[in-house]
Amino acid sequence: MNAAPSPALLDVAGLSTSFAGPAGRTRVVDDISFRVAPGTITGIVGESGSGKSVSVKSVLGLVAPPGRVEAGTARFAGTQGEIDLLACPRAELRGVLGTDIGFVIQNPFGALSPVTRIRKQFVTVLRASRRHARTARGELDELAEATLAAVGINDPRRVLEGYPHQLSGGMAQRVVIAFALARRPRLIVADEPTTALDLTVQRQILDLMAERAAELGASVLLITHDLGVVAHYCREAYVFHRGRIVEQGAVADIFHRTRHDYTRRLIAASGGRRDTAGAEAVP
Ligand SMILES: Nc1ncnc2c1ncn2[C@@H]1O[C@H](COP(=O)(O)OP(=O)(O)O)[C@@H](O)[C@H]1O
Ligand SMILES: [Mg+2]
């Protein structure tokens, strides 16, 4: 007898999103379903243009016209109960996003305001969380400093006093990850968080994000075009191809019992790496 599946933190079902173009509407995400279990790192992998970013933006309410979510549900187990992110009122969605979900995008400078000191941006992010709406300012400053230190920033005070343009790409992405972690979210959605960074920095930052998320008991939805990254960090993964999911399951199975030629090409493109640390942890 099979045990009932454990409740998901995020359960997306039947999601379709379209964009209007000269030739009418095109579905760039077509009836996809995926789950993120509590306390795990789940991968979404696929080549550029396969619909990864549009999918997560759909779930987070960030698709703007001419884009439109056509169908689907996205059940999320938030601190204030389970809600459907695709159906809840805007204000409630903002509350959940500010409190329970951290979003890290590819270009950290796109997530930071260039004209505001980092300290002020950090405090604004924390204040948006229901948990810190009434926390004293001094405590928020301490939390900001401690979180920057936890993501490997040696001189948090100097960084907090400065502006984003004074930071390298890697340092800026650490700051954005700290923004996401400091609220103690249940889920961190990381959309190609290291693609814009040097190879040596990529692994450091992914390691750190994985470690800090594990400490918080948070799940990570890790989006990447690199199956090697998925093999290293994720236990479960979904392979996207042209707006659809063509393969899914335990990472070890995706590597060793590959069903689709497209996945074989991704494996080849990742250098055929099978250092499946995440997969080995599967009992
Ligand atoms: N704002 C937009 N307007 C029109 N088409 C878009 C827009 N954003 C994304 N698309 C299209 O949606 C498809 C999926 O894009 P995306 O999710 O960004 O891919 P990925 O993140 O996998 O690289 C692509 O064909 C892309 O051209
Ligand atoms: Mg993308």
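**Note on salt bridges and a helix pair**

1. Arg212 is buried, at a relative accessible area of 18%. Here buried means under 20% relative accessible area, exposed over 50%, and partly exposed in between (1.4 Å probe, protein chains only). The model is predicted: local features need pLDDT of at least 70, side-chain atom pairs count only at pLDDT 80 or more, and totals for chains, interfaces and linings use all residues. Residues are numbered from 1 along each chain as its sequence is written, and side-chain values use heavy atoms, with hydrogens and water left out.

2. Arg212 has a charged partner. Glu215 forms a salt bridge with Arg212, and the closest N and O atoms are 3.0 Å apart. A salt bridge is a side-chain nitrogen of Lys or Arg within 4 Å of a carboxyl oxygen of Asp or Glu. The two residues are 3 apart in helix α8, so about one helical turn separates Glu215 from Arg212. Glu215 is exposed, with a relative accessible area of 57%. Helices (H or I, at least four residues) and strands (E, at least two) are DSSP runs, numbered from the N terminus.

3. Arg212 also belongs to a helix contact. Gly170, Gln173, Arg174, Ile177 and Leu181 in α7 meet a set of α8 residues, among them Val201, Leu208 and Arg212. Contact means heavy atoms within 4.5 Å.

4. Now the geometry. Helix α7 (residues 169–182) and helix α8 (residues 199–216) pack at about 10°, with axes 11 Å apart. That makes α7 roughly parallel to α8, a term for angles under 35 degrees. Axes are lines fitted to C-alpha atoms, for helices over the stretch in contact, and angles run from 0 to 180 degrees between N-to-C directions.

5. Asp141 and Arg119 meet at 3.0 Å, N to O. Asp141 lies in helix α5 (residues 137–150) and Arg119 in helix α4 (residues 118–127), so the pair ties together parts 22 residues apart in sequence. Asp141 is buried at 17% relative accessibility; Arg119 is buried at 14%.

6. Glu70 pairs with Arg25 at 3.5 Å between the closest N and O atoms. Glu70 sits in strand β4 (residues 67–78) and Arg25 in strand β2 (residues 24–36), 45 residues apart. Glu70 is partly exposed at 30%, and Arg25 is partly exposed at 37%. The count comes to 18 salt bridges.

Conventions. Chains lettered and ligands numbered in written order. Parallel < 35°, antiparallel > 145°, perpendicular 65-115°, else oblique.
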